[in-house]
Amino acid sequence: MYIKIYHGFGSRTNVLVFGHVFESKPHQFSEESSGFFNHLRSLLSLFMVKPMANVHLELDLFGNKYHTTSDENGWFKFQFDPPDHIEYGWQAVRVCGNATSADDIDNIGEGKILIAQPTTHSIISDIDDTVMKSYSATIFRRLYELLGNHPTQRKLFHKTVEWYMQLAETQTQGLEQDAFFYVSSSEWNLYDYLKTVFHQHGLPEGIFMLNDLKQLRSFFKTGKTGHEGKLVRIKQLLETFPDQNFILIGDNTQQDPYIYHDIAQEFPNRILSVMIRNKKKSNYTKVIQTLEQVAALGIPVLQFDDTKDAIDFSHKMGFTLQPVHN
């Protein structure tokens, strides 16, 4: 048994901790490139995981214990009101599962969650073609980028790290960073792959909210499904943390503008801005029309070609503290 805990999130009123239970430990990417075939073998192994259902789990946080059970896909979620003496910042959590045999000693998972103090904003960001060059609209090019590049070799858009680090800087001295939620149609299979990419480039540490696990037979469909699920995950996030306002960042290669439009219509007073990277030029006009509908709700919008324009816009809107550097 292996209990995989993903970065969770909490506030004064709600805590979310989630993960998967697998029969054995999934592959972990090293920080060093190890050649094409080793990389390919490692990548495919991420889609050969075997989830475990009906595992009873116990979480210990600040001396309080909570319980849940993994579902048929091995997925588990703890959601609860935190204790009064909750501590802010990144906190370690442990989840214990009932051993399936006398030899099963690997039934404790360790992870961490961000208990955030109220700040001016949190950020919901897409990943593929928003942060990382992925060419998601073209399946063969997407697979080429995924298969041909170790995660430490993946390319980000120019100045994206600078922009995101500025957005993450809380506007209240002494508080933790503003929370980043990386909501993507990529599957949970790629969690460690994506974390390696983000760590390599120094992006803000955040909470990933990805799509359902895929098995190896569906590998060539990676990242091509789950857009409706992405809308559901963002809605659940806003409903779970009703006191938090959000900046939405995405791109125009697939469904981000239309998902964010729907979110803005349902939560107009909770969305501070929508910013869309103009990655697919042929979609520019159609996306502008969608963003105009968002702007009619009183929400500042931007479709940008260069990250520098997004940096300038963010500073103008008061989302960042640092002056803009050329």
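I sorted the lining of the second largest cavity by class: eight nonpolar, one polar and two charged residues. Nonpolar means Ala, Val, Leu, Ile, Met, Phe, Trp, Tyr, Cys and Pro; charged means Asp, Glu, Lys and Arg; the others, Gly among them, are polar. This is a predicted model, where local features need pLDDT of at least 70, side-chain atom pairs count only at pLDDT 80 or more, and totals for chains, interfaces and linings use all residues. Residues are numbered from 1 along each chain as its sequence is written, and side-chain values use heavy atoms, without hydrogens and water.

I looked up the volume of this second largest cavity: about 90 Å³. A cavity is a set of points, on a 1 Å grid over the protein atoms alone, where a 1.4 Å probe fits but cannot get out; lining residues have an atom within 4 Å of a point. Volume is the space filled by probe spheres set on the points. Among the lining residues I noted K4, Y6, W188, Y191 and D192. β1 (2–10) and α4 (191–201) each give two or more residues to the lining. Helices (H or I, at least four residues) and strands (E, at least two) are DSSP runs, numbered from the N terminus.

Next I checked α6 (residues 256–266) and α7 (residues 284–295). Their axes come within 10 Å and cross at roughly 10°. Axes are lines fitted to C-alpha atoms, for helices over the stretch in contact, and angles run from 0 to 180 degrees between N-to-C directions. That makes α6 roughly parallel to α7, a label for angles under 35 degrees. P257, Y258, H261 and A264 in α6 meet K286, V287, T290, Q293 and V294 in α7, with contact meaning heavy atoms within 4.5 Å.

How values were computed. On a 1 Å grid over the protein atoms alone, a cavity is a set of points where a 1.4 Å probe fits but cannot get out, and a pocket is an open set with protein on both sides within 12 Å along at least five of seven lines; lining residues have an atom within 4 Å of a point. Angles under 35 degrees count as roughly parallel, over 145 as roughly antiparallel, 65 to 115 as roughly perpendicular and the rest as oblique.
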